[in-house]
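Subject: Structure handover

Hello,

Here is the structure I promised to pass on. Please open it first, then read the notes below.

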Amino acid sequence: MTKFIRDLELEFRDWMVFLFSIMIFGSALLVFLYEERPGIQPKQKLVGTVIYRNRVAQRKNSSTVIWDNVAQRENVYNFDSIRTDDLAEAIIILENGTQIELDPFSMIVLNISDDESKIVLDRGSVIVRPSENSKVQLIRGNRIHFNIKGLLRIFGQDENRYVVLSDKGFSMVEGDIDSIQSSEINKFQSEDILDIPGDTIVKINSRAIERIKNSIEIIYPTDNTRYFVDGKLELEVRFHWKADVAVEKILIAKDPFFQNLIVEKQVNQDKFRINLTDGNYYWKVLGADSESSPARFKIKSREDIKTIEPIPNEKLFLDPGDLTAFLWSESELAESYRLEIASDSGFQNTIKKMVTHRPGLSVSMPEGKYFWRVVSVGSLAGTDYNSNISEFEIVRPIENLSIVEENKIIEEIPNNDLPQSEISSDNQDSKKTAKEAKVKDEKNNNLESTIKRDSEESVTVLNKPIPIYPLSSVDMAGKERLVFRWKHTPGAEYYEFIFRNETGIGQELLRKKVDSNQFIIGDLSILDIGNFSWEVIAYGKNSLAASTGKINIKILLSDEPDAPDLEIR
């Protein structure tokens, strides 16, 4: 008995330890999820803004471990880490005016104070353009500190090999460099500081520094030139340089160290041209004992901006005060959109111009015929782009007529109200006819009162809402929301939007009252890959509800480039 009680006490103690451990783990998990929840603003100081981002760029605050995708116009904070994938690029403007341009597969960490801006280049290549009178220091791999006087460009292959150039020179602070391969760089300000004059190209390879004779000047394309082309067409790129020596060949590659060459061509003049497609490229020209500085350029196809709603030549039946919803496709290059509405296709008589950061806007418009388009406004030269021009018309709806079944009431006419000459001698038939009329009259008493009541409170018949988008499959890759659209039903006072998951046994996920002819789902947690359906029910005053019926859709997620596998320090 004593052994049983002892075993029972031991088992109870084990359960208590287990439950206590579960509580600790659960509490820690809740704290972690709270701190890492999407959209939480860091407690660090705001130090800059991402003004341009192409493809996948991410940021992470020093207090978190989760990387979040960044969008254009997104803020960055002190001690943030920012990285790009192997095809992406990003431009950041700091609050003090300094501009940082990240090449593909690069990563920096920001350490900004009132006196100095420190930028740690953890990996890849970067351009730093310091603002006037600002003190900027670039730290490469925690080994070499570059005190920047003007534009500084670093092409990095790994922590030990990179090329550095600057227009106004820079000083390198590092006590770990053993040898200097060129006697032309031999001026030290102190034991640890190496001063590099402007317009000098320096190769740093492991623990050695080599100066490159810069007797060849590239004219175009200059470093970090971007070409934005329509569609997926090839672009003829023209190269031009100026040399004091004989140039032997031109190199064009996919990497800054020219290991993945796509062009190696002998040249005997100062020009070259070639057709190229989308991508990042690096180029330089070589002489007998010299070479130009490397330069990067990018070719980017602009996707067409397409007007979605109102559809071309659509006639919108809207009551006074109703909003006309405009919707268009998104542009990766857009920092903002400008909606333009005019009364002519040449936009000589522009009625409205409005700027928004979203691919949609609702506007109150009077009756009439209109033309509209959207201008995608980018932060870089060449990124502004016009959509197609679409026409629509706004008309006021005709009031719905009351639908009342026509019924004839047969009334009995007393004989004494008729002239004597018109009274039939067949009195029996007359009485029979009068009796039948009386019966019909009694049968219609209730119907007559119903008709009178309906005439005071008329019943309208609503048309079914017509679904516009989506109607089939939807690819949610890169999207942060899904917009459901339908045509406005004249006479409808409001709508009910219903969203269901049709996978398995089916489940209703949303049921919301809507005052406009669109509904936006921004909660991506319910937009999983699978089969769904949506339905809209229109309601009006003194009318029967009208439904679109169930619209089945399929949500897909196409492949996106993997997030860069970067070392986190």
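A salt bridge here is a side-chain nitrogen of Lys or Arg within 4 Å of a carboxyl oxygen of Asp or Glu. This is a predicted model: local features need pLDDT of at least 70, side-chain atom pairs count only at pLDDT 80 or more, and totals for chains, interfaces and linings use all residues. Numbering runs from 1 along each chain as its sequence is written, and side-chain values use heavy atoms, with hydrogens and water left out.

**Salt bridges**

The whole structure holds 22 salt bridges.

Arg 153 and Asp 223 pair with N and O 2.6 Å apart. The two sit 70 residues apart: Arg 153 is in strand E13 (residues 152-158), and Asp 223 is in the loop between strands E20 (216-220) and E21 (225-230). Strands (E, at least two residues) and helices (H or I, at least four) are DSSP runs, numbered from the N terminus. Arg 153 is buried, at 0% relative accessibility. Asp 223 is partly exposed, at 22%. Buried means under 20% relative accessible area, exposed over 50%, and partly exposed in between (1.4 Å probe, protein chains only).

Glu 496 and Arg 511 form another salt bridge, at 3.4 Å from N to O. Glu 496 lies in strand E40 (residues 494-501) and Arg 511 in strand E41 (residues 507-514), so the bridge ties together parts 15 residues apart in sequence. Glu 496 is buried at 17%; Arg 511 is partly exposed at 40%.

Salt bridges with shared partners also build one network. Its members are Glu 89, Glu 101, Asp 103, Arg 129, Arg 153, Asp 223, Arg 226 and Arg 296.

Asp 80 bridges to Arg 59, with the closest N and O atoms 2.9 Å apart. Asp 80 is in the loop between strands E4 (75-77) and E5 (81-84), and Arg 59 is in strand E2 (residues 57-60), 21 residues away. Both Asp 80 and Arg 59 are buried.

**Surface patch**

Met 16, Phe 18, Leu 19 and Ile 22 make a nonpolar surface patch, with about 380 Å² of accessible area together. Accessible areas come from the Shrake-Rupley method with a 1.4 Å probe; for residues, only the protein chains shown count as cover. Patches take residues with over 30% relative accessible area and no salt bridge; like charges are joined within 9 Å, nonpolar side chains (Val, Leu, Ile, Met, Phe, Trp, Tyr) within 5 Å. Met 16 belongs to helix H1 (residues 2-35). Met 16 is partly exposed, at 45%.

Best wishes
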